[in-house]
Every structure is written in C-alpha cells, then in structure tokens.
Amino acid sequence: MITIDRTSASGFITDDEYSIAVNKADTAFDMVVNGTGKGSEWLGWRRILAHPNDAELDEIAGYAAGIRSKADIFVVCGIGGSYTGAMAIIRALNPVFKQNGPEIIFAGHHMSGKYLKELVDYLEEPREDGSKKSVYLNVISKSGTTLETALAFRTLRNWMHLFYDDAEKRISATTGPEGGVLNKIIDAEGYKKYVIPDDVGGRFSVLTPVGLLPIAVAGIDIQTLFYGAVAEFNKSEEDRGNIVDYAATRYALLNKGFAVDVIGSFEPELLGFIAWIQQLIGESEGKEGKGLYPAAAGYSTDLHSVGQLIQEGERNIIETLIVVDQPFSDASVAGGDESDTDQLNYLSGKLFHDINRSALNGTVEAHTDGGVPVIKIIMQKLNAQQLGRLIYFYELFTAVYVYMLGVNPFNQPGVEDYKKAMYRLLGKN
Ligand code: PA5
C-alpha cells in the first residue's frame with residue numbers, strides 16, 4: 001500500500017484551508033469515479049485495471065520472452081507518454097551496471113542527429129566473434145505522427161531493412177487502433193502490432209502494451225507490476241483517504257502561492273520514475289495559467305547543487321519525496337582500522353539504507369525549518385508490485401488533483417503550439 005505523510009507540510013496550511021481543500025478533493029474524487037469530469041472519455045487507465053485482460057498480459061510476456069531469447073539489443077522508439085513509463089520501471093528494477101538480458105536503448109525522444117548516427121554505428125558494430133548483433137525494435141506512437149519518433153523510426157527501420165533479411169520480424173509497433181501514418185506502414189510491412197486503447201492517453205498508458213512490452217523485454221514480471229496496480233485500484237475504491245489527503249495538501253499549498261514542487265528521492269533508482277511523475281502531473285495540470293511546476297531532484301546528489309536554493313532561495317517551493325521504507329540492499333559500511341584515519345568508524349557496520357535514511361530525515365527537518373513544506377509518499381519496498389501500486393496511485397492522484405483546478409487532466413492543447421511553429425519553419429504543408 002502507498003501511504004502519505006503530510007506532517008511536515010501541515011504547519012504551512014491552516015485547519016480551515018485544509019478542510020475546504022479536503023471537501024473539494026472529495027468532490028473531485030467522485031468526478032473521477034463517476035466519470036463526470038472533463039475528458040471522462042479518457043478514463044481507460046481505470047477500466048483496464050477494473051477488468052484485467054490476462055490474455056493480453058500473457059501474450060505480451062510470451063512475445064517479450066521470444067525477443068529476450070534472441071536479441072542483443074532492444075530499441076524502444078517513442079517520446080513523452082510513449083516512453084517515460086517503460087524507462088521509469090526499467091531504471092528502477094534493472095541492475096545498474098550489468099544488463100539482465102538484451103540491452104534496452106531508447107530513441108525517438110529527441111532530435112539529436114548525433115545520437116541517432118552513433119546509435120546506428122553502435123548497432124552495426126559486430127559482436128566480439130565478428131557476427132552481426134541481433135537487434136529488435138519497438139516503435140511506440142499513439143498518434144503515429146510525432147516527428148521525433150517518426151524520424152528516428154525512419155532512420156532505424158531503413159537501417160534494419162538493409163541490415164537484416166528478416167527485418168519485418170524484428171520490428172513491432174504500438175499505436176492507436178486505426179488511422180495514422182504508422183498504421184499504414186504496419187499494414188504495408190506486416191509488422192507485429194500492439195494497440196493502445198482509444199480511451200487511454202499517452203502519459204496514462206504505461207500499463208498498456210506501451211509500457212508492458214519494453215518492461216517485459218527487460219525481464220521484469222509484468223503480471224506482478226500490473227496486479228500491483230490492480231491492488232491499489234481496489235484499495236482506493238474502498239478507502240480514498242491517502243489520495244484525498246495528498247490532493248488536498250498540494251491544492252492548499254498551490255493556493256497559498258507556492259509555485260514549484262521539487263519531486264525528489266534519496267533512491268537514485270527512482271529518478272526515471274520521478275521523470276514519469278513530472279510528465280504526468282506537469283502535462284495534466286499546466287493549463288489556463290494554473291499549476292505548480294514539477295521539478296525533479298535526485299538526492300543526496302542534488303543537495304550539493306540546487307539544495308542551496310531549496311534551503312534558502314525564494315520561498316515558493318514545496319517538496320515531494322518518494323520514500324522506500326524497507327532496505328532493498330544489505331550493503332553496509334566496511335570496518336576501518338583502529339587508527340580511524342578517515343574518521344568513519346562511527347559508521348562501521350551500518351547499512352547504507354540507514355545512513356541514507358538519516359540524510360532523508362535531516363533534509364526534511366532542514367527544509368521544513370527553512371520554509372519548504374515537505375510531503376512524503378511512501379512505498380514499502382522497491383519491487384514490481386509496489387511500483388505497480390505507485391503508478392496507479394499517481395494516476396489517480398493526478399486526475400483528482402487536476403479536477404480540483406477545474407481543468408481537463410487528459411489533454412495537452414499547449415503542446416500543439418511548438419509543433420505548429422516548428423512545422424511552419426520546416427515548410428510542412
Ligand atoms: O501524454 C501524452 O499524450 C503525450 O506525452 C504523448 O504521449 C506524446 O506526445 C507522444 O505522443 P504519441 O504517442 O502520439 O507519439
């Protein structure tokens with residue numbers, strides 16, 4: 001279960017402000033559950049958990065196992081909601097230094113020609129024994145038209161068709177049910193296709209084939225991840241307390257004039273997940289002149305850089321910390337010699353988890369004293385089940401909180417503005 005600790009934020013809000021916000025959050029929660037809010041045609045991220053499609057989960061796991069047994073490298077080509085979810089879970093659970101199965105590489109999430117060129121060179125580099133590397137590619141785009149993804153896909157699939165005789169068997173595509181350029185390419189080439197349901201928007205799509213296929217290829221148990229989310233779904237249908245608390249606290253702080261939410265964690269494994277949260281909240285709430293800017297921070301690293309600004313800069317910052325309660329590594333500090341030359345003997349034998357915990361507690365104390373309200377979101381362990389829970393927790397929180405602002409959480413009209421200007425400059429009809 002995911003819990004919230006708002007103790008270090010409560011001193012910044014009066015009881016009246018909080019109870020008004022709680023009532024509003026309750027109403028917003030009803031709007032999500034009853035499908036009466038703006039954009040309710042995009043509530044499919046709840047539908048898929050209320051009615052799990054086990055056959056699809058099994059099929060994805062089976063297809064991914066086939067790729068795992070054959071691929072040296074799996075390239076995932078997508079941007080925004082079409083890549084952050086997979087990246088978040090893979091970075092959280094896969095070993096840091098040694099790949100457990102095919103190497104997973106992301107592409108199509110920016111327009112660096114250098115990156116793409118070096119990627120193709122890297123894919124083309126032979127194995128140590130001189131044979132060709134085995135590369136598989138999954139392109140993910142709901143619209144099928146996103147330029148960053150489309151350009152990378154053109155480059156990579158052209159290369160794959162030149163390099164492999166069976167390229168069409170190595171390429172899969174995850175896209176909307178019908179229409180769009182990508183569907184035309186899939187039909188013409190016969191690529192394997194996964195469908196993103198119409199009622200699930202990009203940033204809410206990690207538990208559809210968008211996220212599940214790459215996550216399964218990385219060797220992570222997608223059934224456990226998915227059913228973790230189902231467990232959180234079932235729990236929150238019975239008890240809305242945590243979501244209402246969180247949404248009410250953030251809303252009350254926004255109304256007090258806070259402008260930035262630094263979302264951080266003392267677990268570097270969760271930095272990808274924080275990027276996913278950043279997109280989920282930012283793209284959902286940032287409309288009609290509203291919203292807290294969601295900034296990402298990795299601790300304790302960033303305490304030695306932006307930590308100074310958080311502690312003593314303009315007082316318009318709140319902080320959300322994603323906390324993992326139980327240790328997930330038994331690494332401890334080695335014993336020193338008697339002379340204690342490095343003066344660290346007082347920590348000999350201590351778990352790194354416990355030292356990190358003291359850094360967390362000390363930071364919460366210092367930041368709160370410095371005028372920064374801190375909210376803690378606590379997961380029990382770092383594993384697939386708890387991450388599944390955290391995914392749904394954040395999806396539901398985002399929908400409830402953004403309804404409190406009176407805007408549609410599920411669209412992103414502002415994203416079109418840069419595209420229009422870019423296409424005009426590129427001379428597109
Ligand atoms: O949340 C969203 O809808 C966006 O972030 C999209 O996922 C992103 O723009 C990519 O779109 P597409 O999957 O259509 O290429």
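In which loop does S300 lie? S300 sits in the loop between β8, residues 293-298, and α14, residues 307-312. Keep in mind throughout that this is a predicted model. The peptide bond leading from Y299 into S300 is cis, and its omega is near 5°.

There is one other backbone item to mention. E288 is not a glycine, yet its phi is positive, near 55°. E288 is found in the loop between α13 and β8.

Next, the pocket. The volume of the largest pocket is about 1100 Å³, and 43 residues line it. Nearest the centre of that pocket are S141, S143, T145, T146 and K419. Five elements contribute two or more residues to the lining: β4 (135-141), α7 (147-163), α9 (180-189), α13 (271-285) and α17 (415-426). Which element gives the largest share of that lining? The answer is α7, with 9 residues. Sorted by class, the pocket lining holds 16 nonpolar, 16 polar and 11 charged residues.

The largest cavity contains about 60 Å³ of space. Its lining consists of F266, E267, L321, I322, V323, V324, H353, N356, R357 and L360. The elements supplying two or more of these residues are β9 (317-324) and α15 (352-369). In class terms, the lining of the largest cavity is 6 nonpolar, 2 polar and 2 charged.

The second largest cavity has a volume of about 30 Å³. Around the second largest cavity are E232, K235, S236, D239, R240, N242, I243 and F393. Here α11 and α12 are the elements with two or more lining residues, and α11 gives the most, 3 residues. That lining divides into 2 nonpolar, 2 polar and 4 charged residues.

As a reminder, a pair of packed helices is described by the angle between the axes and the distance between the axes.

Start with α11, residues 222-238, which packs on α16, residues 384-404, at an angle of about 50° with the axes 6 Å apart. The two helices α11 and α16 are therefore oblique to each other, and the crossing is right-handed. On the α11 side the contact uses T224, L225, G228, A229, A231, E232, F233, K235, S236 and E237. These meet A384, Q385, L387, G388, R389, I391, Y392, F393 and L396 of α16. The classes in this contact are 10 nonpolar, 5 polar and 4 charged.

The crossing of α2 and α12 is right-handed. From α2 the contact residues are E17, Y18, A21, V22, K24, A25, D26 and F29. From α12 they are I243, V244, D245, A247, A248, T249, Y251 and A252. The α2 and α12 contact has 11 nonpolar, 1 polar and 4 charged residues.

How values were computed
Residues are numbered from 1 along each chain as its sequence is written. This is a predicted model: local features need pLDDT of at least 70, side-chain atom pairs count only at pLDDT 80 or more; totals for chains, interfaces and linings use all residues. Side-chain values use heavy atoms; hydrogens and water are left out. A crossing is left-handed if the near helix is turned anticlockwise from the far one by less than a right angle, and right-handed if clockwise. Helices (H or I, at least four residues) and strands (E, at least two) are DSSP runs, numbered from the N terminus. Contact means heavy atoms within 4.5 Å. Ala, Val, Leu, Ile, Met, Phe, Trp, Tyr, Cys and Pro count as nonpolar, Asp, Glu, Lys and Arg as charged, and the others, Gly among them, as polar. On a 1 Å grid over the protein atoms alone, a cavity is a set of points where a 1.4 Å probe fits but cannot get out, and a pocket is an open set with protein on both sides within 12 Å along at least five of seven lines; lining residues have an atom within 4 Å of a point. Grid points are joined across faces, edges and corners, and a volume is the space filled by probe spheres set on the points. Axes are lines fitted to C-alpha atoms, for helices over the stretch in contact, and angles run from 0 to 180 degrees between N-to-C directions. Angles under 35 degrees count as roughly parallel, over 145 as roughly antiparallel, 65 to 115 as roughly perpendicular and the rest as oblique.
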